[in-house]
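User: Could you take me through the fold of this model and the placement of its charged side chains?

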Amino acid sequence: MSVPALRRYARALTRNADLADDLVQDCLERAIRKQRFWAPTGPLQGWLFKLLLNLYRNDLRRRRRQGDHVPIEALGVEPAVPAPQPGRVALAEMSRAIDALPVEQREALLLVVLEGVSYENAAAVLGIPVGTLMSRLSRARAALRRAAGPEEEPRLRSVK
């Protein structure tokens with residue numbers, strides 16, 4: 001199991017490098033403390049992803065109870081000039097669209113698309129049947145297509 005894979009998944013979930021590093025560290029600490037619960041017959045990667053996901057969900061619940069924390073730096077003035085790079089703007093829009101997905105769909109999408117985890121392993125990590133995972137992925141992908149805007153489909157003409 002590679003720590004970079006855990007870090008990538010944590011960063012995609014949290015959208016914050018510092019929170020992601022803390023989450024990975026907490027995950028590895030818990031894995032060391034709870035190593036007796038890992039069954040050597042199962043994949044270590046799946047177990048670590050599951051630990052990380054459970055820690056992330058617990059943190060989300062805790063933050064919901066506590067309310068939002070807004071750092072003072074975030075209260076500053078907006079930049080006067082928008083970002084001129086269209087690719088960067090499109091990436092930011094896609095990032096917002098992924099953030100707008102329901103948590104269940106976002107978790108499934110990030111595991112399969114970002115980390116390349118197989119459907120079976122992702123379903124095991126999330127604790128759901130494979131069919132449910134595929135349904136969540138389908139709904140997430142459809143929502144992202146809708147967020148990307150209408151796509152012009154090529155029209156075929158008949159030639160006589």
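The questions and answers below go from the overall fold to individual charged residues.

Analyst: This is a predicted model, in which local features need pLDDT of at least 70 and side-chain atom pairs count only at pLDDT 80 or more, while totals for chains, interfaces and linings use all residues. Residues are numbered from 1 along each chain as its sequence is written, and side-chain values use heavy atoms, with hydrogens and water left out.

User: Which pattern does the protein chain follow when read along the sequence?
Analyst: Helices (H or I, at least four residues) and strands (E, at least two) are taken as DSSP runs and numbered from the N terminus. On that basis the protein chain has seven helices and zero strands. Along the sequence, the pattern is therefore written with helices throughout, as α-α-α-α-α-α-α.

User: What percentage of the 160 residues of the protein chain count as buried?
Analyst: Buried means under 20% relative accessible area, exposed means over 50%, and partly exposed lies in between, with a 1.4 Å probe and protein chains only. Accessible areas come from the Shrake-Rupley method with a 1.4 Å probe, and for residues only the protein chains shown count as cover. The accessible surface of the protein chain comes to about 11,500 Å², of which 55% belongs to carbon and sulfur atoms. Of the 160 residues, the share that counts as buried is 29%.

User: How many residues apart in sequence are the parts that Glu 115 and Arg 8 tie together?
Analyst: A salt bridge is a side-chain nitrogen of Lys or Arg within 4 Å of a carboxyl oxygen of Asp or Glu, and a search of the whole structure finds six of them. Glu 115 is buried at a relative accessible area of 12%, whereas Arg 8 is partly exposed at 42%. These two residues form a salt bridge, their closest N and O atoms being 3.2 Å apart. Because Glu 115 lies in the loop between α5 (103–114) and α6 (119–126) and Arg 8 in helix α1, the pair ties together parts whose separation in residues is 107.

User: Where does Arg 15, the partner of Asp 99, lie?
Analyst: Asp 99 forms a salt bridge with Arg 15, with the closest N and O atoms 2.9 Å apart. The pair ties together parts that are 84 residues apart in sequence, because Asp 99 lies in helix α4 (residues 86–100), while Arg 15 lies in the loop between α1 and α2.

User: Which side chain of opposite charge is nearest to Arg 136?
Analyst: Lys and Arg count as positive and Asp and Glu as negative, with His and the chain ends not counted. Arg 136 is found in helix α7 (residues 130–148). Leaving aside its neighbours within four places in sequence, Arg 136 is in contact (heavy atoms within 4.5 Å) with Glu 104, Gln 105, Ala 108 and Ile 128. Arg 136 is buried yet has no salt bridge, and the nearest side chain of opposite charge, 5.8 Å away, is Glu 107.
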